[in-house]
Amino acid sequence: MRDVVVAAIALAILSATPAFAKPEYTRKTTKACAFCHQPPGYNLNDAGKYYFDHGHSLKGHTAPKPKASH
């Protein structure tokens, strides 16, 4: 049983995608961390993926429209 738990923890650690959020990104973009990251674990949302895929630039990115509250 212990081996299974250790293996599960090791798999979780090895399969986690590292986050490369840096304070200079917030200064550069003037956006809060939540603009590109979603909890838990600071996974990238669509804006974060765009930023990463476009050489750490939001140029050309259009913000998603807010969802209706009703």
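1. Setting aside its neighbours within four places in sequence, Thr 29 is in contact with Tyr 51 and Leu 58 (contact being heavy atoms within 4.5 Å). Keep in mind that this is a predicted model, where local features need pLDDT of at least 70, side-chain atom pairs count only at pLDDT 80 or more, and totals for chains, interfaces and linings use all residues. Numbering runs from 1 along each chain as its sequence is written, and side-chain values use heavy atoms, with hydrogens and water left out.

2. Thr 29 belongs to helix H2, residues 23–29 (helices are DSSP runs of H or I with at least four residues, strands are E runs of at least two, both numbered from the N terminus). Thr 29 counts as buried because its relative accessibility is 17% (buried is under 20% relative accessible area, exposed over 50%, partly exposed in between, with a 1.4 Å probe and protein chains only). A polar atom of the Thr 29 side chain sits 2.8 Å from the backbone oxygen of Tyr 25.

3. Now for H3, residues 46–53: Ala 47, Gly 48, Tyr 50 and Tyr 51 are buried there. Down the H3 axis, the buried residues fall within an arc of 160 degrees, so they line one face of the helix (the arc is taken from the directions from helix axis to C-beta atoms). Asp 46 and Asp 53 are exposed on the other side of H3. The cover over the buried residues includes H2 and strand S2 (43–44).

4. As for the ends of H3, Asn 45 caps the N-terminal one, with a side-chain oxygen 3.0 Å from the backbone nitrogen of Ala 47. Just after H3, Gly 55 has a positive phi of about 65 degrees.

Technical notes: Polar contact = N/O pair within 3.5 Å; in protein donor to acceptor, adjacent residues only side chain to side chain.
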